[in-house]
Amino acid sequence: MDKKALTQFILVTIAVIVLSLLYFFYPAATNRFYPTCFFHSITGYDCPGCGSQRAASALLHGKITAALDYNILFVLLIPFVFYAAFVFSWNVFSRKKIQQHIFYSPVFVKILLCLVLAFWIFRNIPAGPFIWLKA
Amino acid sequence: MEQQTLSQAPPPSSAPPKNWLVESILVTIFCCLPFGIAGIVFASQVNSKWAVADYNGALQASKEAAKWTKIGFFVSIGCWVLYLIAVFALGLGGFWMTSRSLNQ
């Protein structure tokens with residue numbers, strides 16, 4: 001077994017558990033000790049990641065609509081992160097290695113990049129349906 | 001030495017170099033702009049260059065992606081630590097407790 005990968009697996013697992021407990025018991029929407037986005041505090045605009053801490057807390061409490069409202073991109077990307085975590089864990093424990101096929105598709109990355117940039121622009125338009133995208 | 005590793009093209013049958021896409025996504029959604037976006041841009045280059053058999057280009061893009069993702073990650077960790085020091089060591093803990101009870 002690859003020792004480095006196993007160490008990474010253990011560290012990431014511990015980090016995920018600790019952070020999940022933190023965001024579950026101290027929701028980011030009502031606790032001020034969480035750091036705010038630097039882009040947001042300097043410019044006043046939302047970045048593509050703004051609202052993801054509040055969205056994480058909401059998701060941990062099963063409030064999917066609230067999470068979508070805070071940061072829809074974060075919620076949409078969570079399944080891909082789980083997919084990556086699954087492939088990584090599989091490769092740690094199984095002798096037959098598998099590849100993260102989705103992430104190595106040129107089309108997928110281009111779509112993702114456009115999506116992130118479009119989300120960044122549209123969530124800062126203070127009119128019409130775009131207000132819903134704001135953090 | 002680095003020149004040499006860059007000029008060696010890997011065999012076409014092997015897997016593409018690590019594109020750091022998942023790491024870039026995490027950096028982007030956990031708020032450390034613009035490093036995460038830079039990471040995604042280079043991840044995209046890794047994939048497209050590998051697809052047209054530009055192995056050296058893909059390898060170089062992989063290194064750039066790694067660089068920006070790591071910068072984003074460590075800057076974000078550094079800011080977290082500084083922030084926590086500011087909150088707890090500079091006595092803002094009391095302010096936080098007050099604001100918390102007001103909010104709930």
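Where in chain A does Pro129(A) lie? Pro129(A) sits in the segment after α6 of chain A. Welcome to this structure, which is a predicted model.

**Where the chains touch**
- On chain A, 29 residues are in contact with 29 residues of chain B.
- The elements of chain A that each give two or more residues to this side are α2 (38-43), α5 (72-93) and α6 (106-122).
- By residue type, the side of chain A that touches chain B has 21 nonpolar, six polar and two charged residues.

**Helix α5 of chain A**
- The 22 residues of α5(A) should span 32 Å at 1.5 Å a residue, and this agrees with its end C-alpha atoms being 33 Å apart.
- A bend of about 30 degrees is found in α5(A) at Ile78(A), with a proline, Pro79(A), following within four residues.
- Leu73(A), Phe74(A), Val75(A) and Leu77(A) are the buried residues of α5(A).
- Those buried residues are covered by elements including α3 (52-60), α4 (64-70) and α6 of chain A, together with α2 (21-29) of chain B.

**Back to Pro129(A)**
- Pro129(A) counts as exposed because it has 8 C-beta neighbours inside 10 Å, and a residue with 12 or fewer is classed that way.
- Along the chain, Pro129(A) and Trp90(A) are 39 residues apart, and their C-alpha atoms are separated by 41 Å.

Definitions and conventions:
Residues numbered from 1 in each chain as written. Chains lettered and ligands numbered in written order. Predicted model: local features only at pLDDT ≥ 70, side-chain atom pairs only at ≥ 80, totals over all residues. Contact = placed C-beta atoms within 7 Å. Nonpolar A, V, L, I, M, F, W, Y, C, P; charged D, E, K, R; others polar. Buried ≥ 20, exposed ≤ 12 C-beta atoms within 10 Å, placed from the backbone. Expected span 1.5 Å × (residues − 1). Bend = angle between axes of the 7 residues up to and from the residue.
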